[in-house]
Amino acid sequence: MRTKVVVEKTSDNSADIYMAAHGKGMACYTIKREGSISTGIESIVDHDNVPAEYYSITGVKLQSPPAHGFYIIRQGNKAIKAFAQP
């Protein structure tokens, strides 16, 4: 079943949302914003300078990379598998 959604801005603080499900009819919702909403970016995180976290293949957090075997390195929003040989 596919659902089609259309959002139509009606003013600076409201929008209409139309949803139509195949063979199920249509619904219309109106959303109104009250008060102020921050739309700017508050901070930027440099994921390359975040400390790396180490995990075993089973997901157990490690204090440091293991001396041998497979493990996972997570740094920021990236994760890779690694292998250490003794």
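Two strands count as paired if DSSP finds at least two bridges between them. Strands are DSSP runs of E with at least two residues, numbered from the N terminus. The model is predicted: local features need pLDDT of at least 70, side-chain atom pairs count only at pLDDT 80 or more, and totals for chains, interfaces and linings use all residues. Residues are numbered from 1 along each chain as its sequence is written, and side-chain values use heavy atoms, with hydrogens and water left out.

**Exercise 1. Give the order of the strands in the open sheet of four, and state which strands stand at its edges.**

Step 1. The order is β5-β4-β6-β7, and the pairing is antiparallel.

Step 2. The edges are taken by β5 (61-62) and β7 (78-84). Each has a single partner strand, so one side of each is left without a neighbour in the sheet.

Step 3. Take the pairing of β5 in detail. Its antiparallel partner is β4 (residues 53-55), and two bridges link them. Within this pairing, Lys61 of β5 is the bridge partner of Tyr55.

**Exercise 2. Trace the salt bridges of Glu53 and state which residues they join into one network.**

Step 1. A salt bridge needs a side-chain nitrogen of Lys or Arg within 4 Å of a carboxyl oxygen of Asp or Glu. The structure holds two.

Step 2. Glu53 forms one with Lys61, where the closest N and O atoms are 3.4 Å apart. Glu53 forms another with Arg74, at 2.8 Å between the closest N and O atoms.

Step 3. Locate the second pair. Glu53 belongs to β4 and Arg74 to β6 (residues 69-75), so this bridge ties together parts that are 21 residues apart in sequence.

Step 4. Through shared partners, Glu53, Lys61 and Arg74 make up one network.

Step 5. Check accessibility. Buried means under 20% relative accessible area, exposed over 50%, and partly exposed in between (1.4 Å probe, protein chains only). Glu53, at 24%, is partly exposed, and so is Arg74, at 39%.

**Exercise 3. Name the residues of the largest nonpolar core and the elements that give two or more of them.**

Step 1. A nonpolar core is a set of buried Ala, Val, Leu, Ile, Met, Phe, Trp, Tyr and Cys residues joined through side-chain atoms within 4.5 Å.

Step 2. The largest has five residues: Tyr54, Tyr71, Ile73, Ala82 and Ala84. The elements giving two or more are β6 and β7.

Step 3. Look at the surroundings of Tyr54. Contact means heavy atoms within 4.5 Å. Beyond neighbours within four places in sequence, the contacts of Tyr54 include Val60, Leu62, Pro65, Tyr71 and Ile73.
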